[in-house]
Structures are given as structure tokens and as C-alpha cells.
Amino acid sequence: MIPILLIIPLAFAILSLLLPRKWTRTIVIPGLILQLGAALILCLTIYTEGPQDYALGDWQAPLGISLLADGFTVTLLALTALIAALCAIYALFFLERYNREQFYFWPLFWFLLASLNGIWLAADLFNLYVGLELLGLSAVGMVALTSERPALKAALDYLYAALFGSLAYLAGVALIYGAYGTLAIPQLSEMVAGNITTQVAVALMSVGLLLKTAIFPLHFWLPPAHGGALAPVSALLSALVVKASFYILALIWLDVGALAVTVSAAQLMGALGAGAILWGSWNAFKTPQVKMLVAYSTVAQLGYLMMLFPLAIGVSEAAATMAWQGTILHLLAHAFAKAAMFLSVGTLVLAIGHGRIADLGGVSQHMPMALFAFGLSAVSLMGLPPSGGFNAKWLLLQSAIQSGQWHWFVVIAGGGLLTAAYVFRIFRVSFTETVRHEIQATHPMLQLSALLLAFIAIGLGFASEWPLRLMDLTGGGTP
Amino acid sequence: MGVDLWYALVGAVIIALSVFAFISARHLMKKLLAFNMMGSGVFLIMVGLPQHQHGVDAVPQALVLTGIVVAVSATALALVILRRYVRSGGDPAP
Amino acid sequence: MIRVLGAALAAIITLLGLTLALWFAPATQVNLPQQVELNIDASGIAHPITAVLLNFRSYDTLLEVAVVLVAVVAGLALRERGPRVTPHERSADPMLQALTRRLLPLLVLTGVYVLWAGSYAPGGAFQAGALVAAAGVLARLAGYDIASRVDRLLRLGLALGFILFLTVAVSAMFGGRPFLNYPDEWAGSLIFLIEAVLTFSIGLTLLSLFVHAPGDASPQGGGDYGR
């Protein structure tokens with residue numbers, strides 16, 4: 001059952017590469033339904049039968065490679081399938097006027113999906129490297145699609161950061177294999193000790209993954225890449241792609257290398273997160289372009305993910321569990337909210353023909369649905385109740401109180417205010433009466449898919465129980 | 001101290017040199033060369049360190065082969081984007 | 001200046017960390033080469049590296065072929081619009097003509113040998129694919145018109161290796177065996193077949209990336225070197 005989730009996107013990647021142009025679009029919906037169905041069935045299977053692993057080619061790890069599906073993995077698989085489906089429906093209509101680009105978009109989209117699923121399921125350090133490279137190259141290809149100079153520059157910076165990051169990660173993997181003789185993650189988490197080799201390996205991997213996750217101060221490549229790409233690409237990149245490298249980072253710190261990391265190192269990671277929240281919010285507050293605002297908001301929101309490390313390392317088990325749950329919820333809520341935000345902003349830009357925030361006047365009257373979607377996702381990003389973002393921040397704050405780390409409490413609570421400061425820039429302008437531009441008609445599905453994503457981000461506030469209950473199903477010890 | 005550990009140590013020196021080149025160079029072509037050099041250093045460690053312990057090991061050798069193919073593909077893509085960027089009037093040494 | 005100092009600092013820290021990590025590396029508890037040796041008879045391939053690549057860790061290789069494919073798809077997406085890429089006039093240089101005519105068959109032959117050797121000695125699909133690509137590049141430079149059109153046939157050729165690999169991997173599941181498993185008696189032949197088609201696809205991929213790369217001179221007439 002488990003490898004089906006890899007086979008479907010890979011097969012559709014090939015189909016959309018080889019079939020005649022008009023078919024590439026037709027197969028998207030069936031593919032998405034299959035993918036979503038497979039993810040849900042796997043969710044149910046894991047929920048009823050518990051975590052499973054799968055020895056590929058019938059070779060047991062460490063000789064072969066295993067896939068591992070536990071509660072956390074299937075949550076991420078379902079998230080990926082759902083967000084990808086809504087972004088793809090948006091892309092079907094959005095790319096209508098990009099004749100050449102859409103032909104290459106779909107193979108890259110399916111490969112991107114395959115690599116994400118592969119990363120969530122991987123249980124082997126080197127396999128994660130190959131997955132990261134597949135993810136990186138397909139994401140870079142999508143950023144460069146329009147072949148315009150700024151997009152090409154953004155793609156180059158992104159590619160260089162991704163390549164350097166994966167080599168640093170690979171160097172760490174080389175040290176781990178040299179020191180322990182195996183690459184299988186479940187085996188390593190029982191063997192790895194806190195010696196200097198492990199510490200250097202964890203440091204190398206962390207630098208590489210921080211660069212790929214665009215954590216301050218290594219975030220320089222993200223705003224141009226996410227802000228400059230086509231709207232559905234931006235949504236996929238911000239909602240899903242950066243989360244993959246964060247997932248591996250969390251795996252390294254809390255599982256594989258748990259004995260090698262120190263409390264002070266975890267506090268340093270938290271400090272990077274605080275820097276990301278401040279710097280990202282400040283830039284989002286200053287930028288004149290609406291898509292760059294959303295991209296800088298991603299830089300800031302990624303900072304909250306980093307709170308996991310100080311809140312979960314060196315504290316009581318209850319506090320660590322809450323930190324972990326809060327981080328997962330934040331990851332999910334941010335994925336939905338940010339995808340909704342990029343899609344709604346993309347529709348606005350498409351309709352008015354530019355992205356200058358100062359000239360957004362009057363869009364509220366013409367495109368209420370897109371602006372409503374933006375507003376709902378902003379509620380979740382700010383952490384106002386009821387929303388997934390609120391529940392996530394609530395758990396993180398409680399965890400900070402329980403472990404007595406008041407400085408992180410201030411950072412998390414203050415971050416919400418900073419978010420409010422930059423999202424209200426959009427509302428302030430868009431509700432003014434003056435209409436300074438012609439508004440082109442856009443397909444209603446564009447606004448609808450954004451709205452649906454935003455509703456899910458809000459709805460997560462009422463249904464946080466589900467992902468958290470699923471998450472509890474781990475294979476023992478692993479986060 | 002065996003020859004395999006030497007390979008790994010030379011790999012460490014190559015990585016350090018290419019980290020210097022990658023960060024200090026401005027020209028995107030030089031950065032790409034630094035990336036390729038760094039790859040070689042990582043591969044030397046990947047094969048050298050395990051073989052230092054128990055002789056010839058096919059697993060890291062196979063991993064390195066995979067790594068090389070991935071690095072070649074990434075380099076080719078980088079070159080294509082770089083050339084397209086320069087053709088559209090971009091500056092390769094910002 | 002700050003950039004150079006920062007780079008130097010990063011390099012020194014990297015060197016120091018790596019040297020310490022290598023020098024004090026603990027003794028490994030798992031002996032993977034031993035396990036490779038124990039299972040090599042069941043893999044259907046006599047050479048351990050090929051056995052690891054295409055049987056024990058074939059999943060890595062499958063994804064790696066996908067990486068190659070993604071690179072060429074993104075590369076094709078970025079090729080320049082306009083008339084199809086045609087090579088320059090066939091070179092009239094008799095030396096080049098004679099040389100290519102003699103070298104091309106030899107290169108392809110070496111490629112086939114390297115592919116064949118992969119099952120018992122160092123070699124295999126990727127090395128052979130690189131040789132085939134080199135032959136293509138040489139032919140291209142000498143003015144032969146190959147792989148210059150992007151049509152369905154070229155795309156099929158690029159994807160063929162991946163398609164076959166994926167088909168073999170999936171077909172195992174119809175027989176109730178796990179994904180990427182080979183039937184015992186067929187393992188050796190199937191792996192060789194996959195490798196042969198992969199050689200072709202990888203050669204074609206590298207060649208396409210060469211042929212369809214944007215032109216060498218900038219539109220303003222300047223070169224892209226130096227500065």
C-alpha cells in the first residue's frame with residue numbers, strides 16, 4: 001500500500017510529459033483524486049492498524065531501504081495531497097494564459113509531489129538526500145518557468161542555496177555512515193551517541209537544512225523565489241516545499257541526533273527563529289509589492305517552527321509534547337493559510353495587472369471573495385481565534401510557560417502583533433473608495449480555491465483534535 | 001593511519017577550500033565550480049572514512065555514484081539557467 | 001573584504017570540525033559490506049556496486065533517474081524560442097570529418113562494453129551513458145544534426161529508462177511481491193535490460209541538455225566570460 005503514494009505522482013509525471021498537450025490538463029483531476037484517495041486510505045489504515053514500515057525490494061534495512069508510515073507521516077501526506085489538489089485546480093485556470101509554461105508545469109508539479117511524499121515516508125538518511133535534490137530541482141524549474149530575467153535570477157539563487165545546502169547535509173550523512181556503518185534512521189536512533197563526530201555531522205546537516213528552509217539569516221533566497229514565481233508555484237513552495245527540509249531538521253535534532261544536541265544549541269536555534277520573526281515581519285511591513293509581503297511573511301512564520309527546538313529540548317516531557325503538537329499544528333495551519341494567501345494575492349495581481357500595495361485601492365468591491373480569503377488566512381497567521389494558527393500558538397505559549405521560558409513566550413506573543421501590523425497594510429488600502437485601475441475578469445474558480453484553503457485553515461481551529469490524535473501514533477520514541 | 005583516512009582528510013581540505021570559494025566568489029560560474037569541487041570533497045570523505053574501518057565497502061561507492069549523477073544533473077540545470085540569464089541581459093557577477 | 005573574511009572563517013571552522021570528526025570517528029557497530037557479500041548471490045548481479053545500485057538500494061537509483069529527468073525537463077522549458085536549433089554547417093575540415101568518423105563508432109562501442117562490464121566489474125549504466133553522450137556531443141560539434149528537435153519522440157527517448165525502471169518495479173506488485181523486487185530467476189536479465197535502456201536515456205538526456213542550452217553569445221553581441 002505505502003509505495004502507491006510514490007507510484008501515482010511518478011506515473012502522472014511521465015504521462016503529462018508524454019501525452020499530447022490537451023491531455024496534460026485532462027489527467028490532472030483524475031490524478032489528484034487518486035492521490036488524495038490513496039493518502040486518505042493510508043491515513044485510515046495507520047489509524048486502525050498502527051505505524052507500518054515497508055521494505056522496498058524485500059531487502060530489509062540497513063542493506064535495503066525502508067519506507068515508514070506513522071501518524072505524523074500520514075498527516076503530512078494528507079496535507080500534501082490536499083494542498084496540492086487545491087493549488088492544481090487553481091493552476092488549471094491560472095495557467096490558461098501561460099501557454100508554454102503550463103506544458104512544463106505539470107511534469108514538474110507531479111515530480112515535486114513525488115519527492116514530497118518520498119521525503120515524508122523516507123527512513124534512510126541518504127534516501128532523504130536524493131529526495132531533497134529531486135524536490136529542489138523541480139522547485140527551481142518551476143520558479144524559472146517564465147524565463148524572465150528576475151525569475152531566472154531568483155531561480156539561480158534558489159538553486160545555489162539548495163545545492164550548497166544538500167552538499168552540507170550529505171557531508172553530515174557521510175560522517176554518520178563512517179561512524180555507525182548504517183543509514184537506516186530507526187537503527188541510527190538507537191545507536192547514535194553524543195561524540196564529536198556526531199556533533200559535527202549534526203552541525204553540518206543543520207546548516208544545510210537551515211539554508212534550505214530559509215531560516216534567518218540564511219533566508220536571502222526565499223523572498224525573490226517565492227515572491228517572483230507564478231502564483232500556484234509560490235503557494236506550493238511556501239506551503240509545502242520549505243516544510244520538507246524543516247521536517248528533516250526536526251528528525252535529526254529530536255530523533256537521530258537527540259543525544260548529540262545540547263540545550264544551548266537548541267536555544268541558539270530558537271534565537272534564529274526569533275530573528276526570522278522580527279526580520280521577516282519588518283521587511284513584510286516595508287515592501288511595496290504585495291507578493292513580496294506574503295513571501296516575507298513566510299520568512300517570519302518559519303521562525304515559529306524553530307521554537308520547537310528550545311521548547312522541546314531539555315524540558316519536561318509534558319512541555320516537550322505540547323511544543324511538538326503546537327509545531328505540527330502551526331505547520332499545518334501555516335501551509336493552508338499561506339497557500340490561500342498566495343493564491344488570493346495571485347488572483348488580485350492577475351485582475352489588476354500589477355502588485356503595488358499602494359495602488360490596491362478599491363479591490364474590495366470588485367473581488368470580495370479573494371479579499372475575504374486573504375482576510376481569513378490572515379486571521380490564522382496572526383493567531384486569532386478561532387483558527388488553526390490560534391490553537392498552534394496557544395500550545396506553544398503553554399509549553400513556554402510550563403518550562404518557564406518566558407523569553408520565548410514574549411517572542412511568540414509579540415510575533416502575532418507584528419503579523420497584524422503587516423497584513424493590515426493590505427486592508428487599509430483595499431477598502432478605500434478610489435479605483436485607480438481597470439479590473440479584468442478572472443475565473444471564479446481562482447477565488448474559490450483560495451477561499452476553500454482559507455476555510456480549512458480556520459476550520460483547523462475546530463478540528464485540531466484529528467491531526468493531534470493521528471500524530472500520537474508513532475513507532476515508539478520517534479517524534 | 002591508513003591511506004583511506006588520508007583520502008577523507010584530503011576531502012576535508014577540499015571542502016574547506018570550496019566553502020571559501022563558494023562564499024567569497026561573486027561570479028556565478030565560479031560558485032558553480034566551487035560547488036562541484038565541494039562535491040568531490042564530500043565524496044572522498046564518504047568513501048574514505050568507512051573504508052578506513054573495514055576495507056572495501058560497495059555501499060558508499062554506490063552512494064557516491066548516485067551523488068555524482070545528481071551533481072551532474074544539477075550542474076547542467078544551473079548552466080542552462082545561467083546562460084539563459086546572461087542571454088536575457090543579466091549580470092553573472094552581481 | 002568582509003565577505004572574504006567571513007568566507008575564510010567559515011572555511012577554517014569547516015576544516016577544523018571535519019578534521020576532528022574524522023580523527024575521532026568511533027568504530028562502526030554495523031558491518032554493511034559483510035551483509036552485501038552475504039546477499040550478493042541472491043541479487044542476480046556479481047559486482048557488489050551494481051548490486052547495491054540496482055537491487056539493494058534500487059529505490060535511490062529510481063529517484064536519481066527522476067532527478068536526471070527533472071533536470072532535462074526544466075532545461076527544455078528554458079530553451080529559447082524561435083527557429084529550431086540547427087547545428088552550424090557541417091564542418092568541411094577533412095581532419096575533423098575523418099576523426100569523427102573513426103571515433104564515433106569506437107566511443108559507442110566503449111559505451112556498450114562499459115555497460116556490459118557493469119555486471120561483473122566496475123562500469124554500468126551511468127558511465128556508459130556518459131560515453132554515449134560524449135559521442136553525441138562530438139557528432140554535434142562536427143555538424144551532425146541529432147536531437148535538435150523537441151518532439152514526442154525525443155521526450156519518449158528521454159523518459160524511456162525511467163518508464164522501464166518504474167514498470168519493472170510496479171509489475172512486481174501485481175505478482176504480490178513488494179515494490180522494486182525482482183523475480184529470482186529473472187533478476188540478472190531484468191537489471192541488465194534496465195541498465196541498457198537507462199544508458200540510452202541518460203546519454204540522450206545529457207546530449208539534449210547540451211544541444212538545447214541557450215546560445216553562447218549574449219544578444220548584445222558580448223561574450224559571457226570574464227568580468
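**View 1. Polar contacts between chain B and chain C.** Chains B and C share 10 residue pairs in polar contact, both partners at pLDDT 80 or more; a polar contact here is a pair of N or O atoms within 3.5 Å, where within protein one must be able to donate a hydrogen and the other to accept it, and residues adjacent in sequence count only if both atoms are side-chain atoms. This is a predicted model, in which local features need pLDDT of at least 70 and side-chain atom pairs count only at pLDDT 80 or more, while totals for chains, interfaces and linings use all residues. Side-chain values use heavy atoms, leaving out hydrogens and water, residues are numbered from 1 along each chain as its sequence is written, and chains are lettered from A and ligands numbered from 1 in the order written.

**View 2. The salt bridge.** Between chain B and chain C the count is one salt bridge (a Lys or Arg side-chain nitrogen within 4 Å of an Asp or Glu carboxyl oxygen). Arg87(B) pairs up with Glu80(C), at 2.8 Å from N to O.

**View 3. The wider interface.** Here 43 residues of chain B touch 50 of chain C (contact: heavy atoms within 4.5 Å). About 4200 Å² is buried between the two chains, with carbon and sulfur atoms giving 73% (buried area: accessible area, 1.4 Å probe, that two parts lose on being put together, summed over both). On the chain B side, Arg83(B), Arg84(B) and Arg87(B) lose the most area to chain C, together 17% of what that side buries.
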